[in-house]
Amino acid sequence: QVQLVESGGGLVQAGGSLRLSCVASGRTFSIAYMGWFRQAPGKEREFVAAIKWSGGSTYYADSVKGRFTISRDSAKNTVYLQMNSLKPEDTAVYYCAAKPHSRYNYSPIVRDGYDYWGQGTQVTVST
């Protein structure tokens, strides 16, 4: 099992920045990718960004490309999502997720490949 705890959400004005953090614990050796997803009220949970746990490859949704940056600190078992130039449409609950090696047949941008999820953190962007 892998446990994930997010932090860093909050209320920010449009154009502002926030950094989300997600600390992983437990069987972290089983993780292949870490991802961030978000869910706005009345909408499906959607992919935001993902990073290969061992380093290197990153993936972004078109809607956040150029504004958000995903990174990880392997020594701290932590993944970050730096969010700049925030827009009201970025308002959602943001979830951290871990994709294990056993889900190798799923792309890192597909929600179904992620077995472990955090509790979510609210991000609200005001106009």
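Cys96 is buried in this predicted model, with a relative accessible area of 0%. A disulfide joins Cys22 to Cys96, with an S to S distance of 2.0 Å. The structure holds 1 disulfide, and this is the one under discussion. What is the handedness of this disulfide? The torsion about the S-S bond of Cys22 and Cys96 is about -80°, so the disulfide is left-handed. As for its place in the chain, Cys22 belongs to strand β3 and Cys96 to strand β9, so the pair ties together parts that lie 74 residues apart in sequence.

I turn next to Leu4, which is in contact with both of these cysteines, Cys22 and Cys96. Setting aside neighbours within four places in sequence, the contacts of Leu4 also include Val23, Ala24, Met34, Ala97, Ala98, Tyr116 and Trp117.

Leu4 brings us to the nonpolar core. How many residues does the largest nonpolar core have? It has 36 residues, and those with the most contacts inside it are Leu4, Met34, Trp36, Leu81, Met83 and Tyr94. Several strands give two or more residues to this core, among them β1 (2–7), β3 (18–26), β8 (78–83) and β9 (92–100). Which element gives the most to this core? Strand β4 does, with 6 residues.

My next topic is the aromatic residues. The structure holds 5 aromatic pairs. One of them is formed by Phe37 and Phe47: the arrangement is edge-to-face, with 5.7 Å centre to centre and 75° between the planes. This pair links distant parts of the chain, since Phe37 lies in strand β4 (residues 31–39) and Phe47 in strand β5 (residues 46–52), 10 residues apart. Are these two phenylalanines, Phe37 and Phe47, buried or exposed? Both Phe37 and Phe47 are buried. Ring pairs also link Phe37 and Phe47 with Tyr114 and Trp117 into a cluster.

Over which rings does the charged end of Arg45 sit? It sits over the ring of Tyr95, at 3.7 Å from the ring centre, and over the ring of Trp117, at 4.9 Å from that centre.

Key: Residues numbered from 1 in each chain as written. Predicted model: local features only at pLDDT ≥ 70, side-chain atom pairs only at ≥ 80, totals over all residues. Heavy atoms only, no water. Phe/Tyr/Trp six-rings, centres within 6.5 Å; stacked < 30°, edge-to-face > 60°. Helix = DSSP H or I, 4+ residues; strand = E, 2+ residues; numbered from the N terminus. Buried < 20%, exposed > 50% of the residue type's maximum accessible area, 1.4 Å probe, protein only. Lys NZ or Arg CZ within 6 Å of the ring centre and 35° of its normal. Core = buried A, V, L, I, M, F, W, Y, C linked by side-chain atoms within 4.5 Å. Contact = heavy atoms within 4.5 Å. Disulfide = S-S within 2.5 Å.
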